[in-house]
Amino acid sequence: LIPKSYDYEVKEANFTRLCKNKTILTVNGEFPGPTIYARRGDTLIVNVKNRGNLGITIHWHGVKQPRYPWSDGPEFITQCPIQPGANFSQKIILSDEEGTLWWHAHSDWSRATVHGLIVIWPKIGRPYPFPKPYVEYPIVLAEWWRQDVEAVLLDFLKTGGDPNTSDALTINGQPGDLYPCSSSETTKFIVEHGKTYMLRMVNAAMNLFLFWGIGGHEVTVVGTDGAYVKPLKSNYVVISPGQTIDLLFKADQPIGQYYIAAKPYNSQPAISFDNTTTTAIIEYKGYKKLSLSPVFPHLPKVNDTNASVNFTGSLRSLASRAHPIDVPMKITRNFLFTISINTMPCPNNACLGPRGLRFAASVNNITFASPNISILDAYYGRIKGVYGDDFPNFPPLFFNFTANNLNTSLQTPLNASELKVLEYGDTVELVFQGTNLVAGIDHPMHLHGHSFYVVGWGFGNFNRSRDPLSYNLVDPPLQQTIAVPKNGWTAIRFKADNPGVWLMHCHLERHISWGMEMAFITKNGSKAGESILPPPPDMPPCT
Ligand code: C2O
Ligand code: CU
């Protein structure tokens, strides 16, 4: 029997990592936070009690919340923060999600430590589309700062430069034995020879894509973002911030110890080495301590973009009788959104970005200006002047998006709160076009309230007459976060059948802080069961 309701007390707690004791924000004093267990189609209640010092919101990443955006969580998009001392009872309304999702804070940078897994099993009596694993283990990948994370955020917003990098990566809260003062706490998984194990993994890191693998063992990927995929065998995986990956591995190697390891993938050419690696240990039952160190996985080089796109581009949905797909074939709305890093003026040109400017980031050249009341409230209550509904379908200017040495005059974006309005039932094709402004880099784009099919991708500029010919409309993966390759494009399709206000953003925290976000409004349909449900009585007030 699994619980249908959870109490989440958001509070400060003491942790020691890397020989330093500090206070972090947690749920129920845990890092990573508690796992939520559910079955497909369940509705759960989470009573969030804010006993911390700052306002906070919690988001159920990948949960579509049909007709109920009120519980979605992004600050000033669907709600105002839950103030210290206040409570908010949130619903997690599952529909067709099955596999692994996660939850995290969605206000300032508190998600660094306020996050956890959501495990969604099949309905009672329904099998997995793969042999039942012997045991399932969670793998929560995250980052650890010696500094206070709020201080890192404030400092980086004030200086307009890049944020301080974290001091360690972690697996289930522990940096692992390659970091100082961490070896005795290294996460360890005991396995029995011959058995198959399932790992439910999320990349909860703030700013890093990760390469991940198990020494000596091949893995079989079976799911991502709460949907199954065709079994994909690989020696490594790449996982975007925000993404989840479910995989199986068989303990079929000689009795011994094997490292699970994760290290950054970074597509920027300036970065050619990285010595940040987090580890956990897989130990076979019957292992006798030897002087040998555990077997290390072969992971791609830090800037190996081919290794990244080869993995991500190999994911396919099951598209089977039991797990059919539903890719929109007739498209009613076509969009091309550029996703760019930008720069903006700063008082006295005194910022730490290039040429004394501050960094910004944009979608279709608009860097999102967050209102300080909830957009959902404004939409539902018809309050004027909070947001605009003129988000452009295309970039305001077509230029050679991915060329080298782009004119710096292209770098300054508009600053606005513009939303894109969709009719209920619209079938949307959206091409994310990366640009080489300031820095071409991969962006993990995430859409709330929907899953989307990733139908195509490529390097360079999207070509409207040529590229759609090579779309995969047969078994494209169903995802919620997709890494758009640097100086490249990715095409997604989804159906707008979830009325509400739904945020879309880059899941690199520094890019969302620079404004790489926008939101969709999906209008109510005309039939019963196609309208937003009324708000709960305990919505956090906006004053
Ligand atoms: Cu992981 Cu806006 O969310
Ligand atoms: Cu980004």
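Modeller: Gladly, and bear in mind that this is a predicted model. Let us begin with an open sheet of five strands, in the order β24-β32-β31-β26-β29, with mixed pairing.

Colleague: What makes β24 and β29 edge strands?

Modeller: Each of them, β24 (419–422) and β29, has a single partner strand, so one side of each is left without a neighbour in the sheet. From one strand to the next, the twist averages 20°.

Colleague: How do you know that β26 pairs with β29?

Modeller: Two strands pair if DSSP finds at least two bridges between them. Four bridges link β26 (residues 443–447) and β29 (residues 481–484), in the antiparallel sense, so β26 and β29 meet the criterion. One of the bridge partners is V484 in β29, for H443.

Colleague: And what joins β26 to β31?

Modeller: Three bridges, again with the strands antiparallel; β31 covers residues 500–506. Among the facing residues, C506 of β31 is opposite M445, and H505 of β31 is opposite H446.

Colleague: Why is β26 called mostly covered?

Modeller: Five of the five residues in β26 are buried. In a regular strand the side chains alternate between the two faces of the sheet. Here both faces are covered: H443, M445 and L447 are buried on one side, P444 and H446 on the other.

Colleague: Let us turn to the six-strand sheet. What is its strand order?

Modeller: The order is β10-β9-β12-β17-β14-β15, in an open sheet with mixed pairing. β10 (168–171) and β15 (227–234) are at the edges because each has a single partner strand, leaving one side of each without a neighbour in the sheet. The twist averages 25° from strand to strand.

Colleague: What makes β14 and β15 a pair?

Modeller: The cut-off is at least two bridges, and five bridges join β14 (residues 219–224) to β15, so the two strands count as paired. They run antiparallel, and G223 has Y228 of β15 opposite.

Colleague: Now some single residues. Why is G73 called buried?

Modeller: A residue is buried if 20 or more other C-beta atoms lie within 10 Å of its own. G73 has 28 C-beta neighbours inside 10 Å, so G73 counts as buried. This residue lies in the loop between β5 (58–61) and β6 (87–93). Leaving out residues up to four places away in sequence, G73 touches T57, I58, H59, W60, T78, Q79 and H106. From G73 to D108, 35 residues along in sequence, the C-alpha distance is 12 Å.

Colleague: And C19: why is that one called exposed?

Modeller: Exposed means 12 or fewer such neighbours; C19 has 10 other C-beta atoms within 10 Å, so C19 is exposed. C19 lies in the loop between β1 (5–17) and β2 (20–27). Its contacts, not counting residues up to four places away in sequence, are P180 and C181.

Colleague: How do you know that the bond between F31 and P32 is cis?

Modeller: Omega is about -5° for the peptide bond that joins F31 and P32, which is cis. P32 lies in the loop between β2 and β3 (36–39).

Colleague: To finish, which domains are assigned, and where do domain 1 and domain 3 touch?

Modeller: The assignment gives domain 1 (1–123), domain 2 (130–317) and domain 3 (333–522). At the contact, 14 residues of domain 1 meet 19 residues of domain 3. The side belonging to domain 1 has seven nonpolar, four polar and three charged residues. The centres of domain 1 and domain 3 are 25 Å apart, taken over C-alpha atoms.

Colleague: And which residues touch the most other members of the largest nonpolar core?

Modeller: Of its 143 residues, they are I118, L141, L210, V237, L247, I492 and A519. Strand β18 (residues 257–265) supplies the largest share of this core, six residues.

Terms used
Residues are numbered from 1 along each chain as its sequence is written. Chains are lettered from A and ligands numbered from 1 in the order in which they are written. This is a predicted model: local features need pLDDT of at least 70, side-chain atom pairs count only at pLDDT 80 or more; totals for chains, interfaces and linings use all residues. Domain bounds come from an automatic or database domain assignment. Two residues are in contact if their C-beta atoms, placed from the backbone, lie within 7 Å. Ala, Val, Leu, Ile, Met, Phe, Trp, Tyr, Cys and Pro count as nonpolar, Asp, Glu, Lys and Arg as charged, and the others, Gly among them, as polar. A nonpolar core is a set of buried Ala, Val, Leu, Ile, Met, Phe, Trp, Tyr and Cys residues joined through C-beta atoms within 7 Å. Axes are lines fitted to C-alpha atoms, for helices over the stretch in contact, and angles run from 0 to 180 degrees between N-to-C directions.
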